[in-house]
Amino acid sequence: MSEQFPVEAGHIMLFARSIGDKNQIYYDSDYASTTEAQGVIAPPTFVAASSQFDEGYSLRPKIGEPWFGSGKAATGVEKQEGGSGGLHAEQHYEYHRHLRPGDILRSVVKEGEKWERESKRAGKLKFSETITEYYDQNDELVITARSVGVVTERPIDQ
């Protein structure tokens, strides 16, 4: 992630629209001021957008370079032999306070646990956890995100 992720009202509104959430708390300050949150807040998964502020983010297309897209087939990158290459298995968020317009986040990424399991269809499954802590401009912890990825030993048997 980049060193700073500015949380802007327009980004919050566009993110809410992109996930189809019409809750006024994400864009209408008059309405939001009457809620328990007492103002506009970001949707729960909003910090996922922080990756777009990172120039080196692996899933972000780069002009003129082959890109492993998210469609049915990769766009420009040859499939590697062996396992799956990695799958996103789980995502968990712990909220320490509401994320609001005007916050400027920085992240601290830590390795979490690692474990393995056997699968009948894909062989050994290797799981790894990544923990990302998001701190605000006052160095206060706002959100803790825990992501679990899995790599398979071989492609899943059909």
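Is Arg97 buried, exposed or partly exposed, and what is its relative accessibility? Hold that thought while we walk through the chain, keeping in mind that this is a predicted model.

Start with the overall layout. The protein chain has 2 helices and 5 strands, and from the N terminus they come in the order β-α-α-β-β-β-β. Of its 158 residues, 27% are buried. The accessible surface is about 10700 Å², with carbon and sulfur atoms accounting for 50% of that. If you take contacts between residues at least 6 apart in sequence, 59% of them join residues at least 24 apart.

Now to helix α1, which spans residues 9-18 and has Ile12, Phe15 and Ala16 as its buried residues. These residues sit on the same side of α1, because they cover an arc of only 100° around the axis. After the helix comes Gly20, with a positive phi near 75°.

Next, the sheet. The 5 strands make an open sheet, ordered β1-β3-β4-β5-β2, with antiparallel pairing. At the edges are β1 (5-6) and β2 (87-95), each of which pairs on one side only. Further in, β3 (residues 104-119) and β4 (residues 123-135) run antiparallel and are joined by 12 bridges. Along that pairing, Trp115 stands opposite Phe127 in β4.

That leaves the charged pairs. The whole structure holds 7 salt bridges. One of them connects Arg146 and Glu129, whose closest N and O atoms are 2.7 Å apart. This pair links distant parts of the chain, since Arg146 is in strand β5 and Glu129 in strand β4, 17 residues apart. Glu129 is buried at a relative accessible area of 9%, whereas Arg146 is partly exposed at 27% relative accessibility.

Another salt bridge runs between Arg106 and Asp139, with 2.5 Å between the closest N and O atoms. Arg106 is in strand β3 and Asp139 in the loop between β4 and β5 (141-152), so the pair ties together parts 33 residues apart in sequence. Both ends count as partly exposed, Arg106 at 30% relative accessibility and Asp139 with a relative accessible area of 49%.

Back to the opening question: Arg97 is partly exposed, at 27% relative accessibility. Its salt-bridge partner Asp103, with closest N and O atoms 3.0 Å away, is buried at 6% relative accessibility.

Definitions and conventions
Residues numbered from 1 in each chain as written. Predicted model: local features only at pLDDT ≥ 70, side-chain atom pairs only at ≥ 80, totals over all residues. Heavy atoms only, no water. Helix = DSSP H or I, 4+ residues; strand = E, 2+ residues; numbered from the N terminus. Buried < 20%, exposed > 50% of the residue type's maximum accessible area, 1.4 Å probe, protein only. Contact = heavy atoms within 4.5 Å. Areas by Shrake-Rupley, 256 points an atom, 1.4 Å probe, with all protein chains shown as cover. Arc of directions from axis to C-beta. Pairing = 2+ DSSP bridges. Salt bridge = Lys/Arg side-chain N within 4 Å of Asp/Glu carboxyl O.
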